[in-house]
Amino acid sequence: MTSSQTSSSGRLAVVTFDWLPAWMLTSWGTTWLATPAFDALAARGVVFDAMMAPGDDLAATLRAVVGPACERLGGLPSLASLLVTDTPAVARGPLGRHFRDVVEEPAEPAGRCAEEEGDTALGELFAAVAEAVPAVAEEPCWLWCHAGSLGVAWDAPLEFRDSLVGEDDPEPPRSAAIPSCVVAADDDPDRILGIRQAFAGQLMLADRMLGFLLEILDGLGGEPWTVVVAGLRGMPMGLHGDLGLSSAGSRPLLPYGDLVQMPVIVADARGRMAGQRYGGLLAAEDLGAFCAESLAVHDASSPPSPLAGLLARWACTPREQVVSTTARGVSLATKEWRMVVERPASGGDGGAGRLRLFAKPDDFFEQCDVADRCGVVVDDLQEQLAAAAAADTTGESGP
């Protein structure tokens with residue numbers, strides 16, 4: 001084994017949120033919702049503006065983000081490792097089995113919103129982290145906290161969503177249930193606004209819980225932590241028709257940016273590149289390589305991961321393209337474009353489906369399809385997509 005596989009380094013905390021959309025966090029431009037803990041962490045680290053998930057498959061994204069670090073644990077027997085999650089499939093799956101200690105705090109659907117933060121699914125999860133982490137926070141240590149409850153229950157106290165209501169806005173929904181619907185052209189905009197406010201209240205709670213965890217880590221003393229926070233896929237909020245989670249039998253999602261753009265913040269233990277942004281195109285695998293490298297002393301004979309190079313000398317070569325796929329379609333992202341290709345409906349003739357093209361970075365929300373005006377660009381991106389598909393290999397599907 002190389003020295004990077006046998007000599008551990010520092011303390012690493014990775015926090016992953018399923019269904020966390022970048023566009024609804026203030027660090028990525030939202031002005032109507034406050035997320036101060038995310039902002040405080042961003043001030044300590046680097047914000048990544050264009051990191052893309054492989055698609056909407058949670059298992060595939062988790063393999064990309066934490067899989068390499070999990071594999072590296074086998075060469076670091078003295079490293080303390082702790083996984084705390086509200087998702088049993090993650091705790092009991094192939095990734096969870098790499099950890100020395102695993103704590104499950106399963107999230108359950110809720111019939112009503114909680115009265116107190118601590119009674120929510122997120123509150124119970126982060127309380128479990130606070131209880132478990134001091135016992136294993138040796139030097140070195142890896143903590144992974146995975147939260148999936150944004151896709152299980154919107155159970156934050158009603159005061160969170162109500163704080164976002166304007167003078168002329170109707171009351172947001174009172175339920176903790178997650179909607180599943182498609183926005184029609186004549187849909188009531190107040191209904192859409194209310195659902196977004198309900199979800200935003202849940203994001204406010206997630207922000208509070210992140211701040212609570214950061215305080216816990218800072219209070220443990222000893223060597224500082226490298227902290228990585230990442231959203232894995234974005235909750236559909238009506239930007240492209242879908243609102244809430246897909247129900248059984250409903251159409252799958254298309255890989256627009258609001259689904260596959262990952263909000264990622266990396267706060268280095270040494271404070272390198274604090275308060276910076278990086279706009280280059282990256283993939284979830286780049287974050288995974290950095291997390292794996294953060295667990296061990298780097299082997300100087302091999303090149304550092306792109307993110308490690310960014311922290312060390314502000315040098316990072318972005319990707320030329322990133323492909324993201326769902327059961328319904330595929331997208332190709334480049335520095336200047338996102339092309340979304342919808343697969344033909346079941347029972348169709350097997351030909352090409354509908355194609356959409358959006359200019360970047362101007363069309364952040366991907367609302368203006370310019371495919372019919374940019375034929376040369378479409379042809380070039382289709383060639384790139386075909387080449388990427390020919391080179392692609394399929395991995396296993398378990399989380």
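Modeller: Helices (H or I, at least four residues) and strands (E, at least two) are DSSP runs, numbered from the N terminus. Residues are numbered from 1 along each chain as its sequence is written, while side-chain values use heavy atoms, with hydrogens and water left out. This is a predicted model, in which local features need pLDDT of at least 70, side-chain atom pairs count only at pLDDT 80 or more, and totals for chains, interfaces and linings use all residues.

Biologist: Where is Ala-53 found?

Modeller: Look for strand β2, residues 46-52, and then for helix α3, residues 58-73. Ala-53 is found in the loop between β2 and α3.

Biologist: Is Ala-53 buried or exposed?

Modeller: We go by relative accessible area: buried means under 20%, exposed over 50%, and partly exposed in between (1.4 Å probe, protein chains only). Ala-53 touches Thr-61, Leu-232, Val-260, Met-262, Ala-284, Val-323 and Ser-324, not counting residues up to four places away in sequence; contact here means heavy atoms within 4.5 Å. Because its relative accessibility is 0%, Ala-53 counts as buried.

Biologist: Which residues does Ser-149 touch, leaving aside those up to four places away in sequence?

Modeller: Ser-149 lies in the loop between β5 (141-147) and α6 (158-162), and its relative accessible area of 1% is why we call it buried. Ala-107 is 42 residues away from Ser-149 in sequence, yet their C-alpha atoms are 5.8 Å apart in space. Beyond four places in sequence, Ser-149 touches Asp-86, Ala-107, Ala-121 and Leu-122.

Biologist: How many salt bridges does a search of the whole structure find?

Modeller: To count one, we need a side-chain nitrogen of Lys or Arg within 4 Å of a carboxyl oxygen of Asp or Glu. One of them joins Arg-112 to Glu-115, with the closest N and O atoms 3.3 Å apart, and both of these residues are exposed. Over the whole structure, the number of salt bridges found is 19.

Biologist: Which residues are linked with Arg-100 in a network of salt bridges?

Modeller: Start with the pair of Arg-100 and Asp-101, whose side chains meet in a salt bridge at 3.1 Å, N to O. Arg-100 counts as partly exposed because its relative accessibility is 47%, and Asp-101 is partly exposed too, at 27%. The network links Arg-100 with Asp-101 and Glu-138.

Biologist: How many residues apart are Glu-342 and Arg-328?

Modeller: The side chains of these two meet in a salt bridge at 3.0 Å, N to O. The pair links distant parts of the chain, with Glu-342 in strand β14 (residues 337-342) and Arg-328 in the loop between β12 (322-325) and β13 (329-333). Glu-342 and Arg-328 are both buried.
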